[in-house]
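This briefing goes through one protein model with its ligand, taking strand pairing, the ligand shell and charged pairs in turn.

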Amino acid sequence: MAETLNPFKIAQDEIKWACDKLNLGNSVYEVLKEPERVIVVNIPVKMDDGTTKSFVGYRSQHSTILGPAKGGVRFHPNVNLDEVKALSVWMTFKCGVAGIPYGGGKGGVCVDTQELSKGELERLARGYIRAIAPIISPEKDIPAPDVATNPQVMAWFMDEYSKFAGYNTPGIVTGKPVSIGGSLGRNQATGYGVSVMVQKVCEQLGMDINKTKLAIQGFGNVGSFAALTSAQKGATVVAIAEWDKKIGTYAVYNEDGLDIEAMFKYKEEKGNIIDFPGGKMISLDEFWKLDNVDIMIPAAMENAITTKNAADIKTKIIVEAANGPTTPEAEQILIKNGVTVFPDILCNSGGVTASYFEWVQNLQNFYWTVEEVNSRLEGIMTKAFDEVYKMHEDYKVTLREAAGMVSIKKIADVMKLRGWV
Ligand code: NAD
């Protein structure tokens, strides 16, 4: 069976399916099947050797009916128009599910940043923002970090846009360093939100979190903080899978639980978790096949669970922390095997929710404590979980389908009130 890997086709199919299931007629789908606006830009960059090189960049604003478009900017050699459009659709879904007043947007530049000097990267970042400046603003579209764009890149984005606007505009991007208007708690927010979801899953399914065993793929930003904060809530993390340039994929396993704080320190020193002393090394194949795990959390990359490994998974619950970690065909196998998948657009929405908090703080010039950020985040994600779970029960659909339906329903209600359909 050929797997559906064109992300925009997957996204369009998801919109269509949700519109049909909610009996919305074709008009809502007609509005949502393509982004409201897509811009393709050419970004000439003066290279260190004196030559000029051009890079192609994109910004897709899928929907702005619930508020300004919101979404990250990816710098990666595989960036293409369909991927950017698909990611902007999923941002519409994600903001709708979280119930934050944003639509969906996404941007990207086709570039391998490892081949750029710091100066070239800065000139590319500034060039990208100048190119899309006419269609963005804190009220229209707010970029953020994604693959290979970090707080420093956001600082350049903010500075360049501020020159364009003629005044300091911190609310133009989120994910900034704290000293120039970033939010406390943003760095760990996605992983923290995943732990809130783990707690909700346990409550909903009558499991005791103190007896719940987790296996997490990825010990990067999301996976590491998901592990740490889930452990702080009482869960036991028995396995972490990782990838290394030299040895490829591997996992560290301890059936009694890994010491996550010690693993943070180990990674800080060594740059990886290979041979972490508190566990034994196993292969990624063995990781997926673990049979004494309650919840698997893919927190590394897209397409981690495919038709190749889905049937191996013994765990009955998956909490998706990465974006798009399960292919549609793999999900069919999981469903057949009685595995419940809690979808990415719900489970990793802690990141965009904290970005929303950053923007609110920028607009008000009034800054919150990390405790305020975490407790508001918990409130928003708990409500989102309950809404998705209710939709799942009411319509007898999967949780992914329910999440899509929750956001499409909110958008369709507003479209009707505003007279769009
Ligand atoms: P990251 O680069 O910090 O971490 C990814 C980790 O996964 C790395 O440590 C990498 O070595 C590891 N990895 C890569 N391939 C692997 C493999 N095959 N097996 C095991 N480990 C592997 O990235 P991140 O920010 O943690 O993002 C992870 C995922 O979460 C991505 O899909 C991202 O789009 C999504 N996400 C991130 C945020 C955020 O706030 N950072 C928000 C929402 C969604």
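How many bridges join β1 to strand β2, and do the strands run parallel or antiparallel? Ten bridges join β1 to β2 (residues 52-63), and the two strands run antiparallel. The model is a predicted one, in which local features need pLDDT of at least 70 and side-chain atom pairs count only at pLDDT 80 or more, while totals for chains, interfaces and linings use all residues. Residues are numbered from 1 along each chain as its sequence is written, and side-chain values use heavy atoms, with hydrogens and water left out.

**Strands β1 and β2**

- Strands are DSSP runs of E with at least two residues, helices are runs of H or I with at least four, and both are numbered from the N terminus; two strands pair if DSSP finds at least two bridges between them.
- Five residues lie between β1 and β2 in the hairpin that they form, and Gly-50 in the turn has a positive phi of about 95°.
- Ile-39 has Arg-59 in β2 as its bridge partner.
- Accessible areas come from the Shrake-Rupley method with a 1.4 Å probe, and for residues only the protein chains shown count as cover.

**The ligand shell**

- Oxygen atoms of the ligand lie 2.7 Å from a polar side-chain atom of Thr-190, 2.9 Å from a backbone N or O atom of Asn-221 and 3.0 Å from a side-chain N or O atom of Asn-323.
- The protein covers 73% of the 830 Å² of accessible area that the ligand has on its own.

**Charged pairs**

- The whole structure holds 24 salt bridges, each a side-chain nitrogen of Lys or Arg within 4 Å of a carboxyl oxygen of Asp or Glu.
- Lys-163 forms one with Glu-160, the closest N and O atoms being 3.7 Å apart.
- Because Lys-163 and Glu-160 are three residues apart in helix α5 (residues 151-165), about one helical turn separates them.

Methods
A polar contact is a pair of N or O atoms within 3.5 Å; within protein, one must be able to donate a hydrogen and the other to accept it, and residues adjacent in sequence count only if both atoms are side-chain atoms.
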